[in-house]
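Here are my notes for your review. Please read them with the coordinates open.

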Amino acid sequence: MRAMVLEKPRQSLQLRDVPKPKVRAGGLLVRVSACAVCRTDLHVVDGELPDPKLPLILGHQIVGRVEEVGEGTDPQFKVGDRVGIPWLGWADGDCAYCRSGRENLCDNARLTGYTINGGYAEFTVADARFCFHLPDRYHDVEVAPLLCAGLIGYRSYRKTGHARRLGIYGFGNAAHLIAQIALYEGRDLFVFTRPGDTATQQAAKKLGAVWAGGSDEMPPGKLDAAIIFASVGPLVPAALHALAKGGIVVCGGIHMSDIPSFPYRDLWEERVITSVANLTRRDGEEFFEIAPRVPVKTKTETFALEQANTALEEFRAAGLKGTAVLVTNAN
Ligand SMILES: [Zn+2]
Ligand SMILES: [Zn+2]
């Protein structure tokens, strides 16, 4: 099968003809139809995340059809079923984190497109227990970005509790999806973009934000919570400074540049800084239940599998109008 392979960080992906992966007990062999590109993929390519499996097939927002079912696999998936494969590919179910409902923090987790192969390929294998059925209202390309930007964005959003005045720093793919749920749930939305990016600010207002401005500006009034989707450390003290008492800053990304120091008075009065790591299967079940009700709409730009490097470079250069989706075996 054809796959785009990362042999070493800081190199381009290589188009390779590699053996089709073998389905294991409890697993699925999936014919990939679409795989969305995530900022995490760029972090892996750039060598910003430690110890990726090498050589590696990237991609953890995979939509495909079950081609073969391994022995003893949970009967919830049959040959021909559509399936979504997310970032959390496997957890041991046995460590202190898994046993306390926090499989996203599992000591032995296997992460799709990072520590196990992902979906920049014609086929992939996955543990059926960690796969999702996807809502029928979406076709393959449009549902792909929901598998990470949507799902991990949703986990970030849930950490903001019942915040009425919600700030979002960085209005990229995840923010655009989560903003739709926040508005659906009646939150007041304050969107912060790169200073001077009036086009994105206009887009945020059009979507329903009550205010949009540069990340160097203060919102009108204090925020109950802020989610940071940009991988820019200095946004943490900026967001903290914009919070009301008891407010929370949620860092929604896997990597961020260093966070500068800030005065303790900005953290005082029970303000909180936290991060979101990975996802649990429960996040996925909740998210795929609410997403079609909103309905959350995605914006995508499609690329052929062989164009993965172009997709990554355009993403890096912020040249995309939507989430890049690699289309492999189109349905
Ligand atoms: Zn991701
Ligand atoms: Zn575990």
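This is a predicted model: local features need pLDDT of at least 70, side-chain atom pairs count only at pLDDT 80 or more; totals for chains, interfaces and linings use all residues.

1. Zinc ion (ligand 1). The protein donors are Cys38 (SG), His60 (NE2) and Cys148 (SG). They lie 2.0 to 2.2 Å from the zinc ion. Along the sequence, the donor residues of this ion follow C-x21-H-x87-C. Cysteine 38 sits in the loop between strand 3 (27-36) and helix 1 (39-45). Cysteine 148 sits in the loop between helix 3 (140-143) and helix 4 (149-158). The pair therefore ties together parts that are 110 residues apart in sequence. Both cysteine 38 and cysteine 148 are buried. Water is not among the atoms, so sites may look incomplete.

2. Zinc ion (ligand 2). Here the protein donors are Asp92 (OD), Cys95 (SG), Cys98 (SG) and Cys106 (SG). Their distances from the ion run from 2.0 to 2.3 Å. The spacing along the chain is D-x2-C-x2-C-x7-C. Which geometry do the four donor atoms give at the zinc ion (ligand 2)? The site is tetrahedral, with angles of 97 to 118 degrees among the donor atoms. For reference, the ideal angle for four tetrahedral donors is 109.5 degrees. Cysteine 98 is buried, as is cysteine 106.

3. Strand 13 (residues 223-228) runs parallel to strand 14 (residues 243-251), and five bridges join them. Isoleucine 227 has valine 250 as its bridge partner in strand 14. Alanine 225 has isoleucine 248 in strand 14. Strand 10 also runs parallel to strand 13, joined by four bridges. Glycine 167 stands opposite alanine 226 of strand 13. Is strand 13 largely enclosed or left open? Five of its six residues are buried, so strand 13 is largely enclosed by the rest of the structure.

4. Two bridges pair strand 1 (residues 2-6) with strand 4 in the antiparallel sense.

5. Strands 5 and 6. Strand 5 (residues 62-69) and strand 6 run antiparallel, joined by four bridges. Arginine 65 has arginine 82 as its bridge partner in strand 6. In a regular strand, side chains alternate between the two faces of the sheet. From strand 6 (residues 82-85), Arg82 and Gly84 point one way, and Val83 and Ile85 the other way. All four are buried.

6. Helices 4 and 8. Helix 4 and helix 8 (residues 281-290) pack at about 100 degrees, with their axes 9 Å apart. They are therefore roughly perpendicular to each other. From helix 4, the contact involves Gly150, Leu151, Tyr154, Arg155 and Arg158. From helix 8, Asp283, Gly284, Glu286, Phe287, Phe288 and Ile290 take part.

7. Arginine 155. This residue belongs to helix 4. Is arginine 155 buried or exposed? Its relative accessibility is 15%, so arginine 155 counts as buried. Leaving out residues up to four places away in sequence, arginine 155 touches Asn104, Val276, Ala277, Asn278, Leu279, Thr280 and Asp283.

8. Glycine 196. This glycine is in the loop between strand 11 and helix 6 (198-207). Its relative accessible area is 66%, so glycine 196 is exposed. Its C-alpha atom is separated by 40 Å from that of isoleucine 116, 80 residues apart along the chain.

Conventions. Residues are numbered from 1 along each chain as its sequence is written. Chains are lettered from A and ligands numbered from 1 in the order in which they are written. Side-chain values use heavy atoms; hydrogens and water are left out. Two strands pair if DSSP finds at least two bridges between them. Donors are N, O and S atoms within 2.8 Å of the metal (3.2 Å for Na, K and Ca); water is not among the atoms, so sites may look incomplete. Buried means under 20% relative accessible area, exposed over 50%, partly exposed in between (1.4 Å probe, protein chains only). Four donors count as tetrahedral if all angles lie between 85 and 135 degrees; four count as square planar and six as octahedral if opposite donors are over 155 degrees apart and all others between 65 and 115; anything else is irregular. Axes are lines fitted to C-alpha atoms, for helices over the stretch in contact, and angles run from 0 to 180 degrees between N-to-C directions. Angles under 35 degrees count as roughly parallel, over 145 as roughly antiparallel, 65 to 115 as roughly perpendicular and the rest as oblique. Contact means heavy atoms within 4.5 Å.
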